[in-house]
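Please go through this model with strand pairing, pockets and backbone geometry in mind. The sequence and coordinates come first, then the report.

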Amino acid sequence: MEDYNDVEQITRMILQTIENTKSSENRMTVPVGVSARHIHLTQEDVEKLFGAGYQLTKKKELMGGQFAANEQCTLVGLKLRAIENVRILGPVRKKSQVEISATDARTLGVSAPLRQSGDTAGSAPIALAGPKGVVYLDEGCIVAARHIHMTPAEAASVSLHDGDYVSVRMGNERGAVLDKVKIRVDESFSLEMHIDTDEANACQVKQGDLATIIRAV
């Protein structure tokens, strides 16, 4: 009987060790980037808003070859509610897109769906007003889904791949575990988790705070 109990105890210890190993495989500490509302534009729409031949000017370098532009414009919702001084990000894209928070969506009176950046088919319409004109988008306004940027080497170190989803723990007194965080992998990326202002305020985290990947979904 004692031998049986010893074997049972050892078996439990081995299984627990295996489980602990699995649960720690995907752990990684990640700096948090709080993404405020912003706009991506085609060159055609840049010129409609700022004038013929206008080129975006660079304010700050961002990862992946992107930059925060000096230029800003006003978002106008369907009920003529507006948010002014919304930053444009460059370089220009093939399709214009507006990324806002859920709180912004209520302020503007638009039904912006939760989407990954670039997935704008069937998303909310919105208008943009600039110093030289107005652009109306039939679709293109979304609430950007949270995600983590990392390099291929960083992803490999925790057995993750582009398109995987993970859960992440963040914050202190009002901390939370955020599920369904998409992994985005590219050599041009810097390790950073992107959340919007609603999520940052709810968890009381700020730019540069650390979050921890705790498991793959």
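## Strands, pockets and backbone

Strand 4 (residues 67–76) and strand 5 are antiparallel partners, joined by six bridges. Strands here are DSSP runs of E with at least two residues, helices are runs of H or I with at least four, and both are numbered from the N terminus. Two strands count as paired if DSSP finds at least two bridges between them.

This is a predicted model, in which local features need pLDDT of at least 70 and side-chain atom pairs count only at pLDDT 80 or more, while totals for chains, interfaces and linings use all residues. Residues are numbered from 1 along each chain as its sequence is written, and side-chain values use heavy atoms, with hydrogens and water left out.

### Around strand 5

C73 has V86 of strand 5 as its bridge partner. Five residues separate strand 4 from strand 5 in their hairpin, and L80 there takes a positive phi near 60°. Strand 5 (residues 82–90) also pairs with strand 2 (residues 38–40). That pairing is parallel and has three bridges. Within it, H38 faces R87 of strand 5.

N85 also belongs to strand 5. Its phi is positive, about 55°, although N85 is not a glycine. Is N85 buried or exposed? N85 counts as exposed, because its relative accessibility is 55%. The classes are buried under 20% relative accessible area, exposed over 50%, and partly exposed in between, with a 1.4 Å probe and protein chains only.

G90 and P91 are joined by a cis peptide bond, with omega about 0°. P91 sits in the loop between strand 5 and strand 6.

### The barrel

Six strands form a closed barrel in the order 1-13-10-12-11-14, with mixed pairing. From one strand to the next, the twist averages 40°. Axes for such angles are lines fitted to C-alpha atoms (for helices, over the stretch in contact), and angles run from 0 to 180 degrees between N-to-C directions.

Strand 11 (residues 165–170) pairs with strand 12 in the antiparallel sense over five bridges. Y165 stands opposite K182 of strand 12. Five residues lie between these strands in their hairpin, and G171 in the turn has a positive phi of about 85°. Strand 11 also pairs with strand 14 (residues 210–216), again antiparallel, over five bridges. There, S167 has R215 as its bridge partner.

### Two pockets

A pocket is an open set of points on a 1 Å grid over the protein atoms alone, where a 1.4 Å probe fits and protein lies on both sides within 12 Å along at least five of seven lines; lining residues have an atom within 4 Å of a point. Grid points are joined across faces, edges and corners, and the volume is the space filled by probe spheres set on the points. For the lining, Ala, Val, Leu, Ile, Met, Phe, Trp, Tyr, Cys and Pro count as nonpolar, Asp, Glu, Lys and Arg as charged, and the others, Gly among them, as polar.

| Pocket | Volume | Lining classes |
|---|---|---|
| Largest | about 830 Å³ | 12 nonpolar, 14 polar, 11 charged residues |

Which residues lie nearest the centre of the largest pocket? They are S35, H38, L62, L89 and H194, out of 37 lining residues. Elements that give two or more residues to this lining include strand 1 (28–35), strand 13 (192–196) and helix 5 (197–203).

The lining of the second largest pocket includes R115, Y165, D179 and K180. Strand 7 (114–115) and strand 12 (176–185) each supply at least two of its residues.

R115 belongs to strand 7. At 19% relative accessibility, R115 counts as buried. A polar atom of its side chain lies 3.0 Å from the backbone oxygen of D119. The backbone oxygen of A121 is 2.9 Å from a polar atom of the R115 side chain.

### Two loop residues

A36 lies in the loop between strand 1 and strand 2. A36 is partly exposed, with a relative accessible area of 44%. A36 and I100 are 64 residues apart in sequence, but 7.3 Å apart in space, C-alpha to C-alpha.

Q204 is in the loop between helix 5 and strand 14. Its phi is positive, near 55°, in a residue other than glycine. Q204 is partly exposed, at 47% relative accessible area.

Conventions
A polar contact is a pair of N or O atoms within 3.5 Å; within protein, one must be able to donate a hydrogen and the other to accept it, and residues adjacent in sequence count only if both atoms are side-chain atoms.
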